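Student: Hi, could you walk me through this one? I'd like to start with how strands pair up.
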Amino acid sequence: MCGTLRASGAGKKAVLMGWVNRRRDLGSIIFIDLRDRTGVAQVVFNRERNAAVHDRAATLRNEYVIAAIGTLKLRDADTINKNIPTGEVELVADEIRILNESKLPPFLPSDTALSNEETRLKYRYIDLRRDVMQFNIETRHKVAKAIRDYLSSLGFFEIETPFMTRSTPEGARDYLVPSRVQPGTFYALPQSPQLFKQILMISGFDKYFQIVRCFRDEDLRADRQPEFTQIDLEISYPQPERVWEVVEGFLHAAFKAAGFEIKTPFPRMDYDEAIRLYGIDKPDLRLPAFTDVRDCFTAQNLEELAINANLPVIAIRTPKVGELSRKERDDIKPMFHSKGGAKIFEDFKRIGNKYPDAAAAIAKKTGMEEGDLIVLVAGSAQAGPQTAMPAHRKVTPAELAICASAGLLRLALAQKYAERHKCFQRGDFRFLWVTNFPMFEWDESEKQWMAAHHPFTSPHEEDMGLLEAGVESVNDPQSPLSAVRALAYDVVLNGTELGSGSIRIHRQDIQRKIFRALGMTEEEAKSRFGFFLEALEYGTPPHGGIALGLDRIVMILAGAESLREVIPFPKTARAVDLMVDAPTPVPERQLKELGIQIKK
């Protein structure tokens with residue numbers, strides 16, 4: 001292979017095959033940089049050595065596929081290329097075979113300036129020849145193999161589950177597949193193998209995993225694709241800690257395969273605590289947590305600033321931003337999106353001028369250092385009274401609004417001033433387990449409760465009374481369902497949710513109550529999940545698991561900004577494959593066979 005040549009092989013015969021990466025014609029000598037997926041090697045064609053071979057080499061152009069046969073030779077000391085591993089040797093060619101010619105591509109793999117993304121995706125086979133894409137796909141392979149090897153060593157079976165199943169929407173739209181042999185009926189492509197992996201636990205396969213393709217018909221973002229790959233696993237008889245231990249183990253193996261060492265076990269944080277300290281359920285631990293500085297102000301200060309004294313006053317500290325201009329301070333306010341009456345104080349100097357004692361106390365409490373940016377977020381004095389919450393919940397709805405507003409601003413500030421504060425360093429991996437999520441979320445548009453995780457997640461044992469009471473008031477936003485906690489957990493890395501899991505419901509009576517809480521009638525539950533409810537009646541062991549996004553993990557390891565950089569054949573933001581031009585209309589004959597009519 002081109003990238004494997006070393007000085008130790010000097011004097012040996014070799015055959016190299018690959019693409020012409022670059023050609024330099026010096027008259028009697030032609031140099032070709034030959035490329036394959038392992039790297040680049042220099043091939044020399046000397047007219048004095050073999051005129052016919054030299055003349056044939058003169059016809060070569062970029063991206064021609066050739067075979068070069070010759071002898072490895074040490075380069076002269078003054079011609080060694082220290083920038084590449086093969087830079088000490090070159091192949092002196094005695095023979096050349098042109099295996100295939102190439103048109104001039106719209107861009108070259110060796111180009112330093114990238115073409116626009118649409119061009120790259122249309123000619124993806126050219127784009128994938130680039131060094132960085134070869135590295136990303138190789139990293140993906142290494143990561144997937146390390147995970148497979150690790151889980152197999154623990155006794156997990158990799159078991160495939162169906163791609164064509166029934167539609168059981170889990171929050172996003174299904175991709176539907178019409179059945180020709182059962183006219184008027186449809187399969188759905190799976191959003192996840194959730195029910196199948198639970199049935200595998202019922203079937204006695206107590207350790208299951210799968211690196212599996214999943215499909216969701218939803219709006220796309222940089223970290224979303226309509227088809228994606230997840231690392232899916234399920235275990236019988238686990239406590240949550242056992243699932244976490246397994247995940248930490250395979251992530252350690254995966255990151256090591258990509259050249260990084262990570263520390264385990266990961267820290268753990270309750271959902272309410274994450275909201276209170278970071279304003280988000282997937283906190284980026286590379287940035288400082290919030291500080292509640294309400295007690296730094298006097299009651300009179302709070303009244304003058306029109307701040308609600310019953311709500312937190314959150315100080316956001318962004319390290320080492322340095323002195324801001326007036327315009328930069330003015331630019332902060334548009335970055336703030338208020339939720340539930342939250343307000344911003346972006347000019348800390350003005351606070352210091354008017355309330356020097358409060359500013360000094362804030363600086364001390366937040367650990368403020370020279371060059372740090374402090375922005376305050378507080379509740380408006382006009383905000384309504386707080387709603388009481390059960391003792392095990394730490395954040396009230398009014399506090400949640402303030403924290404959520406501050407959490408979004410904290411991330412926006414960090415991104416805006418990333419080059420200044422240097423908090424986002426490659427290789428700085430801050431993992432976290434976020435636990436004890438709310439079981440339900442109120443959907444204001446639908447006027448009903450929705451599953452915050454998915455409807456097969458087990459509630460906390462001590463919250464069963466709240467669930468019992470809540471199923472009697474499923475259309476009430478103040479229902480006790482608001483306080484039910486789920487045995488759910490997310491693994492988070494640097495502000496990105498890598499995966500989500502839970503301990504599952506293994507008793508049919510509890511599963512029926514959850515369906516009732518979600519507004520399902522008995523008939524609807526039976527129609528959608530009857531096969532699963534029946535399976536739960538046949539000795540279902542307690543079980544739990546998780547699913548992590550392989551694409552996201554590789555994206556972070558590769559230092560890429562989009563999933564499209566680590567997926568060989570991705571879709572655009574409009575869910576289009578530009579290379580094969582999909583999706584496309586199909587002939588009327590095919591639609592007729594399926595009993596489908598297109599209405600515009």
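Tutor: Happy to! Two strands count as paired if DSSP finds at least two bridges between them. This is a predicted model, by the way. Here, β17 (residues 440-443) and β18 (residues 448-451) run antiparallel and are joined by 4 bridges.

Student: Nice. Which residue stands opposite Q448 in β18?
Tutor: That would be D443.

Student: And what about K447 in the hairpin?
Tutor: K447 has a positive phi near 55°, in a hairpin with 4 residues between the strands.

Student: Switching to charges: how many salt bridges does the structure hold?
Tutor: There are 46. One of them pairs D127 with R124, at 2.8 Å from N to O.

Student: Are those two buried or exposed?
Tutor: D127 has 0% relative accessibility, so D127 is buried. R124 is buried as well, at 2%. They sit 3 residues apart in helix α3 (residues 124-127), so about one helical turn separates them.

Student: Which residues are linked with them in a network?
Tutor: The salt-bridge network links R120, R124, D127, R130 and E565. Within it, R130 bridges D127 with closest N and O atoms 2.8 Å apart, and both of these residues are buried.

Student: What about R326 and D330?
Tutor: Their side chains form a salt bridge at 3.4 Å, N to O. R326 is exposed at 53%, while D330 is partly exposed at 40%.

Student: Last topic: which residues lie nearest the centre of the second largest pocket?
Tutor: R286, Q415, N494, T496 and A560, out of 26 lining residues. The lining divides into 10 nonpolar, 7 polar and 9 charged residues, and the pocket's volume is about 870 Å³.

Definitions and conventions: Residues are numbered from 1 along each chain as its sequence is written. This is a predicted model: local features need pLDDT of at least 70, side-chain atom pairs count only at pLDDT 80 or more; totals for chains, interfaces and linings use all residues. Side-chain values use heavy atoms; hydrogens and water are left out. On a 1 Å grid over the protein atoms alone, a cavity is a set of points where a 1.4 Å probe fits but cannot get out, and a pocket is an open set with protein on both sides within 12 Å along at least five of seven lines; lining residues have an atom within 4 Å of a point. Grid points are joined across faces, edges and corners, and a volume is the space filled by probe spheres set on the points. Ala, Val, Leu, Ile, Met, Phe, Trp, Tyr, Cys and Pro count as nonpolar, Asp, Glu, Lys and Arg as charged, and the others, Gly among them, as polar. Helices (H or I, at least four residues) and strands (E, at least two) are DSSP runs, numbered from the N terminus. A salt bridge is a side-chain nitrogen of Lys or Arg within 4 Å of a carboxyl oxygen of Asp or Glu. Buried means under 20% relative accessible area, exposed over 50%, partly exposed in between (1.4 Å probe, protein chains only).
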